[in-house]
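Dear colleague,

I am handing over the structure we spoke about, and below it I have set out what was found in it. Please read the notes with the coordinates open beside you.

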Amino acid sequence: MRWTIFAIFAYLALALDLGFASLLQMEIAHGLVAPSFVFILMVYIAANSPPREARISAIILGLLVDLTWPHPLAQQASAIVIGPAALGFLLGAILTIQLRSLVYRRHPLTMGLLTFIAGCCAYLPIIFLLLLRRLVGQLSGSSQVIEWHAADQLVHFFLVSVYSGLAAVPAGYILDRISPLFGFQTTGMMTRHR
Amino acid sequence: MNNAATNRSHIILVVTLLASTLFLPAAIGNWFGARILELTVPVSAPLKRLVTSIRGAPEHVDGHSPQIEQMRVEIESLRVRNANLEARSAAMADQLERLQSLRAIDPTFFFVTASRVADPIHGGDPQFVVNVGSRHGVRQGTLAMHNGFQVVGLVTATTPRTATITPLTSKAVGEISAYVLPPDGDFAQAVPCTLRAGDDGTLIGEIGMDRAVSVGDRVILRDPHWSQLRTGPLIGSVMKLAPKDDAPLWNNIVVRSSIDLDEVAVVDLKVARVEPGDDQ
């Protein structure tokens, strides 16, 4: 994979998440749900590139999400927590790598399905790790306790997975058209093509 | 086999490293996050403007709204009243002292206008980022307003060039001190209350049943600099009053903001003007 192209698309996906996703956001269950273009990019790369490159890119994309995701604190402040999304995206990439050999890669719905399934799994460790940080903060009496409610976030991230899966269908089509730019290596990859 | 074992050990190492970064102080994450945000703003800001042009936004009148003019007229009248009171006896000293503090307010109050450039959407909380930061005097806790009088939210994080604003209707803001004004705007009859974010973009609180509050009354923020102005920082209006089930002598009050906070594209940040020698 060409890492320069990956960096450009990672930057664009992050900018889309920050600037454009609000156009697509919906208020559901008292929270704002919008598709994550960074996550869609991660699934796309995981579905097409060698495992090592997929894992590295997932960690990088997850770190970008971590660094642009402020978590509210109790004192009308916010904090950036490094790690949860990086680990969650890594898990999502590992799952996608396992699943990609079972799907028809060129089918229009494949990206949507992979994104939804990867999302359902990737966001679970994110929720767990943020809950862990909150608990450790409370037990240690720290002033940096994240205002985080796991039950609400479970519903929220499930809906994000669904919405990202829907958005991944057209996004995956576009990415497929420009896939030569990424320079994916196809040898040794167990993907089934129509 | 060796490759698989090597890969496995690398993955374990990476996972361990990332798990350890989970407990880093927030300042470290905030620093890196600020750099990433500033790098992304050149692309996310035009996208945000595109989104705003598609969805539409409440008109921003750049600090010259009728409500601001009304505030200036009120402050000027208070200044004239203060000059008259200074000539009267020492019995008026207490009210004079409060009026003196009002005289110290610069009506423009150093508003910094900022555009919404990014919406961190991952957590579902409706925060947004604007393109002014600590270099412009913005600090954590700075009030963000629309057209200079409608409260939008509070600044919860800053970088040198950006600030993250949490809307007043977000639970992260915590408790909000406010006044419910009667229909004639007589501040002497204002009812103090404490509000907190509800689940549906409203603010909820409790008020004694003996208080003269009705649906449609305006609710303003309890700001010590603006407390006696009818057109103080407006939160919204009373949408609903209903008796509490478990406390018959109290009413539940529901307040809704006068504007859709999600559609605000430009905000005015109320930055404290610090003059040399001021007692702050």
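This is a predicted model: local features need pLDDT of at least 70, side-chain atom pairs count only at pLDDT 80 or more; totals for chains, interfaces and linings use all residues.

In sequence His107(A) and Val169(A) are 62 residues apart, yet in space they are 9.7 Å apart, taken from C-alpha to C-alpha.

As for the chain that carries this residue, chain A contains seven helices and four strands, and along its sequence they follow the pattern α-β-β-α-α-β-β-α-α-α-α. Chain A has 194 residues, of which 58% count as buried. Among its contacts with a separation of 6 or more, 73% are made by residues 24 or more positions apart.

The next topic is the interface. Here 51 residues of chain B are in contact with 50 residues of chain A, and the two chains bury about 4,300 Å² between them, with 66% of that area on carbon and sulfur atoms. Across the interface of chain B and chain A the rule finds zero salt bridges, whereas it does find five residue pairs in polar contact, both residues of each being at pLDDT 80 or more. On the chain B side, the elements that give two or more residues are α1 (2-21), α2 (26-55) and β4 (150-158). Of the elements of chain B, α2(B) gives the most to this side, with 18 residues. Sorted by residue type, the side of chain B that touches chain A divides into 29 nonpolar, 14 polar and eight charged residues.

One of those elements, β4(B), leads on to the strand pairing within chain B. Strand β3 (residues 143-146) of chain B pairs with β4(B) in the antiparallel sense over four bridges, and within this pairing Met145(B) stands opposite Val151(B). The two strands form a hairpin with three residues between them, and Asn147(B) in the turn has a positive phi of about 55°. β3(B) also pairs in the antiparallel sense with strand β12 (residues 266-270) of chain B, over three bridges, where Leu143(B) stands opposite Lys270(B). From β3(B), Leu143(B) and Met145(B) point one way and Ala144(B) and His146(B) the other way, and all are buried.

A further group of strands in chain B is arranged around β7 (residues 191-197), which has a covered face made up of Val191(B), Cys193(B), Leu195(B) and Ala197(B), and an uncovered one made up of Pro192(B), Thr194(B) and Arg196(B). Five bridges join β7(B) to strand β6 (residues 176-180) of chain B, and these two run antiparallel; here Leu195(B), from the covered face, is the bridge partner of Ile176(B). β7(B) also pairs with strand β8 (residues 202-208) of chain B, in the antiparallel sense and over three bridges, and Ala197(B) has Leu203(B) as its bridge partner in β8(B). β7(B) and β8(B) form a hairpin with four residues between them, and in its turn Gly201(B) has a positive phi of about 80°.

With best regards

Terms used: Residues are numbered from 1 along each chain as its sequence is written. Chains are lettered from A and ligands numbered from 1 in the order in which they are written. Side-chain values use heavy atoms; hydrogens and water are left out. Contact means heavy atoms within 4.5 Å. Buried area is the accessible area (1.4 Å probe) that two parts lose on being put together, summed over both. A salt bridge is a side-chain nitrogen of Lys or Arg within 4 Å of a carboxyl oxygen of Asp or Glu. A polar contact is a pair of N or O atoms within 3.5 Å; within protein, one must be able to donate a hydrogen and the other to accept it, and residues adjacent in sequence count only if both atoms are side-chain atoms. Ala, Val, Leu, Ile, Met, Phe, Trp, Tyr, Cys and Pro count as nonpolar, Asp, Glu, Lys and Arg as charged, and the others, Gly among them, as polar. Buried means under 20% relative accessible area, exposed over 50%, partly exposed in between (1.4 Å probe, protein chains only). Two strands pair if DSSP finds at least two bridges between them.
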